[in-house]
Amino acid sequence: MEKYKIVKSLGEGTFGTVHKAVNLQTNDLVAIKLLKNTNSWEEATQLPEVKALRKLNNSPNIIKIFELIRRSERIYIVQELCHRSLLSEMD
C-alpha cells in the first residue's frame, strides 16, 4: 500500500469500501477496495468478484484488476478507476 496515496472516499457497499487513489510510481489513478468480512487471503482469492475479474482481465470492456494486497488482516483490491457511475446510466 506504500505505493498508493488515497485521494478520497468514493463509497461503501455490501462487500467493501472504495477509495480513489494515485499510484505514486506511475501517477495513474486507481480504485482501491477494502474488502469487508474477508478473513483470509484464500477466502479473498475465491470471491466470485475476484475470480471473475481475474478471468476477464484482458477484456477491453471489463474493469481491470491490477493487484490484490494483504496488509495486516486487511485485503485490498487495486483496480482500474471507472470515471463515471454506471448506476446513473440506468436511470
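The dialogue below goes from the overall fold to single residues.

Analyst: A word on the basis comes first. This is a predicted model, in which local features need pLDDT of at least 70, side-chain atom pairs count only at pLDDT 80 or more, and totals for chains, interfaces and linings use all residues. Residues are numbered from 1 along each chain as its sequence is written, and side-chain values use heavy atoms, with hydrogens and water left out.

User: How many helices and strands are there in the chain, and in what order do the elements run?

Analyst: Helices (H or I, at least four residues) and strands (E, at least two) are DSSP runs, numbered from the N terminus. The chain holds 2 helices and 5 strands. Read from the N terminus, the order is β-β-β-α-α-β-β.

User: What does the radius of gyration of the chain say?

Analyst: The radius is taken over C-alpha atoms, and the globule rule is 2.2 Å times the number of residues to the power 0.38. For 91 residues a compact globule would come near 12 Å, and the chain has 13 Å, which agrees. Along the principal axes, the C-alpha atoms fill a box of roughly 35 × 30 × 25 Å.

User: How should I read burial, and where does Ala21 stand: buried or exposed?

Analyst: Buried means under 20% relative accessible area, exposed over 50%, and partly exposed in between (1.4 Å probe, protein chains only). Of the 91 residues, 30% count as buried. Ala21 belongs to strand β2 (residues 16-23), and its relative accessible area of 0% makes this residue buried.

User: Which residues does Ala21 touch?

Analyst: Contact means heavy atoms within 4.5 Å. Leaving aside residues up to four places away in sequence, Ala21 touches Tyr4, Lys5, Ile6, Val7, Asp28, Leu29, Val30 and Ile32. For the chain, 34% of the contacts with a separation of 6 or more are between residues 24 or more positions apart.

User: How many salt bridges are counted, and which side chains form them?

Analyst: A salt bridge is a side-chain nitrogen of Lys or Arg within 4 Å of a carboxyl oxygen of Asp or Glu. By this rule there are 2 salt bridges. One joins the side chains of Glu67 and Lys3, at 3.3 Å from N to O. Glu67 lies in strand β4 (residues 65-71) and Lys3 in the segment before β1 (4-12), so the pair ties together parts that are 64 residues apart in sequence. Glu67 is partly exposed at 23% relative accessible area, and Lys3 is partly exposed at 28%.

Another salt bridge is formed by Glu12 and Lys36, whose closest N and O atoms are 2.7 Å apart. Glu12 lies in strand β1 and Lys36 in the loop between β3 (29-35) and α1 (41-45), so this pair ties together parts that are 24 residues apart in sequence. Glu12 counts as exposed at 60% relative accessibility, whereas Lys36 is partly exposed at 30%.

User: What is the phi of Asn27, and where is Asn27 found?

Analyst: Here the backbone angle is read together with the location. Phi of Asn27 is near 65 degrees, a positive value in a residue other than glycine. Asn27 sits in the loop between β2 and β3, and with a relative accessible area of 61% Asn27 is exposed.
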